[in-house]
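Student: Can we go through the charged pairs in this protein together? Please put the structure up and walk me through them.

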Amino acid sequence: MTERPVLYLVVCAAGPAEHIDELVDLLIADGWQVCMIVSPTAAPWLDRQALQDKTGYLVRVEWRMPGDPEPHPPADVVVAAPVTFNTVTKWALGINDTLALGVLNESLGAGLPIIAFPHVKAELGAHPAYAGHLEVLRAAGVVVAGGKPLNGPERWSVVVEALRSTRRS
């Protein structure tokens with residue numbers, strides 16, 4: 001029996017985060033071990049205990065103390081869904097002021113496969129810096145999924161399909 005691959009799921013405070021449990025169910029059913037890292041703003045929106053029970057791993061929001069063991073196994077792939085304007089901007093600039101950003105920055109530096117699913121208001125998406133920040137991330141190897149919004153009953157199918165495509169490549 002082979003070990004299931006480890007997926008770090010970085011969740012930011014955008015509307016679809018309220019339904020992240022649906023994505024976790026799909027990812028587990030698709031054969032992933034899911035380890036969640038949640039932005040401080042998104043954390044109060046979620047039932048972290050229920051998600052921890054579902055995944056078997058601590059839902060992380062804050063940095064661990066020096067000397068504390070790492071609560072998650074090493075990642076094989078990272079998914080940022082939903083990822084906000086704020087996170088895209090800080091990530092592209094290398095800002096590391098939350099655990100979620102720290103994980104994204106370290107994963108990028110480690111060369112891990114990363115798929116990002118931005119979910120931003122049209123007004124923020126039209127900000128002159130936004131397209132450039134997405135391009136910085138793409139140039140660094142991040143797959144920035146576009147197109148289908150993360151709304152409605154099929155919101156997470158785009159994430160699962162992107163991961164399946166990555167596994168086939």
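Tutor: Helices here are DSSP runs of H or I with at least four residues, strands are runs of E with at least two, and both are numbered from the N terminus. This is a predicted model, where local features need pLDDT of at least 70, side-chain atom pairs count only at pLDDT 80 or more, and totals for chains, interfaces and linings use all residues. Residues are numbered from 1 along each chain as its sequence is written, and side-chain values use heavy atoms, with hydrogens and water left out.

Student: Which helix holds both glutamate 135 and arginine 138?

Tutor: Glutamate 135 forms a salt bridge with arginine 138, with the closest N and O atoms 3.6 Å apart. For a salt bridge, a side-chain nitrogen of Lys or Arg must be within 4 Å of a carboxyl oxygen of Asp or Glu. The two residues sit three apart, about one turn of the helix, and that helix is α6 (residues 130–139).

Student: Is glutamate 135 buried, partly exposed or exposed?

Tutor: Buried means under 20% relative accessible area, exposed means over 50%, and partly exposed is in between (1.4 Å probe, protein chains only). Glutamate 135 has 45% relative accessibility, so glutamate 135 is partly exposed.

Student: How many salt bridges does the structure hold?

Tutor: Side chains of opposite charge can pair when their charged atoms come close. One of the pairs is aspartate 25 with lysine 54, whose closest N and O atoms are 2.8 Å apart. The total for the structure is seven.

Student: How many residues apart in sequence are the parts that aspartate 25 and lysine 54 tie together?

Tutor: Both partners are partly exposed, aspartate 25 at 39% relative accessibility and lysine 54 at 33%. Aspartate 25 lies in helix α1 (residues 20–29) and lysine 54 in helix α2 (residues 48–55), so the parts they tie together are apart in sequence by 29 residues.

Student: What is the relative accessibility of arginine 60?

Tutor: Arginine 60 forms a salt bridge with glutamate 70, the closest N and O atoms being 2.9 Å apart. Glutamate 70 is partly exposed at 40%. Arginine 60, however, counts as buried, because its relative accessibility is 7%.

Student: Where does UniProt place the feature "domain: Flavoprotein"?

Tutor: UniProt positions are given in the numbering used here, feature names are shortened, and annotations may be inferred rather than shown by experiment. According to the unreviewed UniProt entry, the feature is at residues 9–134.
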